[in-house]
Amino acid sequence: MASLQTPQAQSARQRGHSSIDFKSATTGVAAKAMRNELNRMVQGVTDPAKKKIFNAEMESFFLLFNRYLTEKAKGERIDWEKIQPPNPEQVRPYEVLPNVDPSILNKLAVLKLNGGLGTTMGCVGPKSVIEVREGMTFLDLSVRQIEHLNEKYNVNVPFILMNSFNTDEDTQRIIQKYQNHNISILTFNQSRYPRVDKESLLPCPENADSDKSNWYPPGHGDIFDALTNSGLLDQLIAAGKEYIFISNVDNLGAVVDLNIFQTMIDSQAEYVMEVTDKTKADIKGGTIIDYEGKPRLLEVAQVPKDHLDEFCSTRKFKICKLTIVDRN
């Protein structure tokens, strides 16, 4: 059966399609232009090993950029009405388990996120070198924690630092002082993504060697790509490591817990996050939510401005993330 529409309705529908088609076309042009620029920069790298890593980084960046264009064209954003507190099945209460065998620690590596600068704390250089207590830095205390773990349980848990291009040079120099310590320290760099010009939507750097100001470290979510691209993941697997404990380098309260580790092994979970009750001091931290029946991490950057007060409140969002254990 044919349907009758008023001229106004037809015109509105045509305008809607026209707007979507225009945005789609614009998205396609921007994506193609970005792809060409990234390819040009990759081809300019002459060292084969550096070229392989740089190409992998640009591929990951392009996927992220393309996703941004697509979501922007569609006007997609998180639906606040679908956000609910996590249900009891999604958050387990802490439990002390009997007879946990500490030898499971030989399957573990501890990774600290060390890409940030300490500028907000009045420090020049990596945040990890800020003195915390009795002349000891975040990094000193983290090293002592892993040394103690290895000595107490007679295991070999390596200590990994994920640096950024902002912190790597200083960190490599600093960790030399731990050479005589009973600890294996490994490092790798998180990815380096190009900043994008707001008007042209093209990369700011002219080539792979452009100034640091033209690049940015893409954040902690890059850890999986960066660990794989660096080749370190293959080394860890070859050494019998199956799990990685992840936390910020300035989070000294984040320590390996055998009960949580054993629970993860028993449940065969791929990913476990340690959480605690949220306080008024945790308003900037991420929180766990239920979104369409699945647990998700909600960060403040995802929250619409008109819901910021609700997000910062401890009435609806009562959980704050602490640490992560991930299975290789």
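Guide: The expected span of a helix is 1.5 Å times one less than its number of residues. The structure shown here is a predicted model.

Visitor: How many residues does helix H3 have, and what span should they cover?

Guide: Helix H3 comprises 16 residues, 138–153, and at 1.5 Å a residue these should span 22 Å.

Visitor: Which residues of H3 are buried?

Guide: A residue is called buried when its relative accessible area is under 20%. In H3 the buried residues include Phe138, Leu141, Val143, Ile146 and Leu149, and Asp140, Glu147 and Asn150 are also among them.

Visitor: Against what do the buried residues of H3 pack?

Guide: They pack against several elements, including strand S2 (108–114), strand S5 (159–163), helix H4 (168–174) and strand S6 (185–189). After H3 comes asparagine 154, with a positive phi near 55°.

Visitor: Is strand S9 largely enclosed or left open by the rest of the structure?

Guide: Strand S9 covers residues 243–248, and five of its six residues are buried, so the rest of the structure largely encloses it. S9 runs parallel to S2, and six bridges join the two strands. Within S9, phenylalanine 245 is the bridge partner of valine 110.

Visitor: What is the strand order in the open sheet of three strands?

Guide: The order is S1-S11-S12, and the pairing is antiparallel. Strand S1 (83–84) and strand S12 (294–298) each have a single partner strand, so one side of each lacks a neighbour in the sheet. Five bridges link S12 with strand S11, residues 287–291; in S12, arginine 296 is the bridge partner of isoleucine 289.

Technical notes. Residues are numbered from 1 along each chain as its sequence is written. This is a predicted model: local features need pLDDT of at least 70, side-chain atom pairs count only at pLDDT 80 or more; totals for chains, interfaces and linings use all residues. Side-chain values use heavy atoms; hydrogens and water are left out. Helices (H or I, at least four residues) and strands (E, at least two) are DSSP runs, numbered from the N terminus. Buried means under 20% relative accessible area, exposed over 50%, partly exposed in between (1.4 Å probe, protein chains only). Contact means heavy atoms within 4.5 Å. Two strands pair if DSSP finds at least two bridges between them.
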